[in-house]
Amino acid sequence: HIPMGQKMLPGDFEEFADVLRHLRHFLIHAKGSVPRAWVEVLDADNNQHVTKQDFCAGLDAMGYTSYSASDLFHAIDVNGNEDLTLDEIDPALSALWRRFRFFVAVRFISAHDLLQKCDPVDYSASAANTGSVRLKVGAEQRKCPRQVTHINEREFVAGMRMHGWSGRNAELSQLFGALSDVSGPGNKLLNISGLRWVHSEVERDQRKRAARTWNIKRDIL
């Protein structure tokens, strides 16, 4: 337990562990999960790090009042570089989150694309890269896009598996729980609000690919 009003310092491990547990508990209470709080509030621009100003503003926006946000920041920023990464808040979760972000950026072109390709009705179309379902109208067939706005956990896990996720199903369930919204008693759905980070992640991957291509061409010339 950290006494109220005491400046929190990362001097010994037990106190540092208390600080991390305290922050993670608040983020889960405020946004439902640590990743959700990270991508929607703390690191909304997807820079993969958070400055002291962003951290304090983010905690204030989520209603944090327990301690000084500035003291909390410095307690976690053990290397003193004046910014935080998800790895400093939750190392185990950060490793999984990093793998998943990379996987999504490589496999999908947008959040809508991810939802579409996890739709069971769209599985065969996804495999054929058509992104549509065929319906017979009279003597003709035409492509009728099925607009998918949300998916459940079973569809998410199956869709990620179909598109190459090699990790455990338990990891996918953890990610789904972190990114999804409660739509009713015992019912959680993943929709576009939990995937707003996908756009910037895909753009980041595209920039890296373009830079690698340019470097290869430059070396050849």
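Where is Asn 46 found? Asn 46 sits in the loop between helix 2 (34-42) and strand 1 (50-51). Helices here are DSSP runs of H or I with at least four residues, strands are E runs of at least two, and both are numbered from the N terminus.

## What you're looking at

This is a predicted model, so to speak of local features takes a pLDDT of at least 70, side-chain atom pairs count only at pLDDT 80 or more, and totals for chains, interfaces and linings use all residues. Residues are numbered from 1 along each chain as its sequence is written, and side-chain values use heavy atoms, with hydrogens and water left out.

## The chain overall

The secondary structure comes to 11 helices and 7 strands. Of the 221 residues, 42% count as buried; that label means under 20% relative accessible area, with exposed over 50% and partly exposed in between (1.4 Å probe, protein chains only).

The accessible surface is about 12500 Å², and carbon and sulfur atoms hold 53% of that. These areas come from the Shrake-Rupley method with a 1.4 Å probe, and for residues only the protein chains shown count as cover. As for contacts (heavy atoms within 4.5 Å), take those in the chain with a separation of 6 or more: 58% of them join residues 24 or more positions apart.

Asn 46 has a phi near 60°, positive even though the residue is not glycine, and Asn 46 is buried at 6% relative accessible area.

Gln 48 is found in the loop between helix 2 and strand 1. Its phi is about 70°, again positive in a non-glycine residue. Gln 48 is partly exposed, at 22% relative accessible area.

## Arg 101 and its partners

Gln 48 turns up again in the contacts of Arg 101: leaving aside neighbours within four places in sequence, Arg 101 touches Gln 48, Trp 197 and Glu 201. Arg 101 lies in helix 6 (residues 91-107) and is buried, with a relative accessible area of 11%.

## Helix 9 against helix 10

Helix 9 (residues 153-162) and helix 10 (residues 169-179) pack at about 130°, their axes 10 Å apart. Axes are lines fitted to C-alpha atoms, for helices over the stretch in contact, and angles run from 0 to 180 degrees between N-to-C directions. That makes helix 9 oblique to helix 10, since under 35 degrees is roughly parallel, over 145 roughly antiparallel, 65 to 115 roughly perpendicular and the rest oblique.
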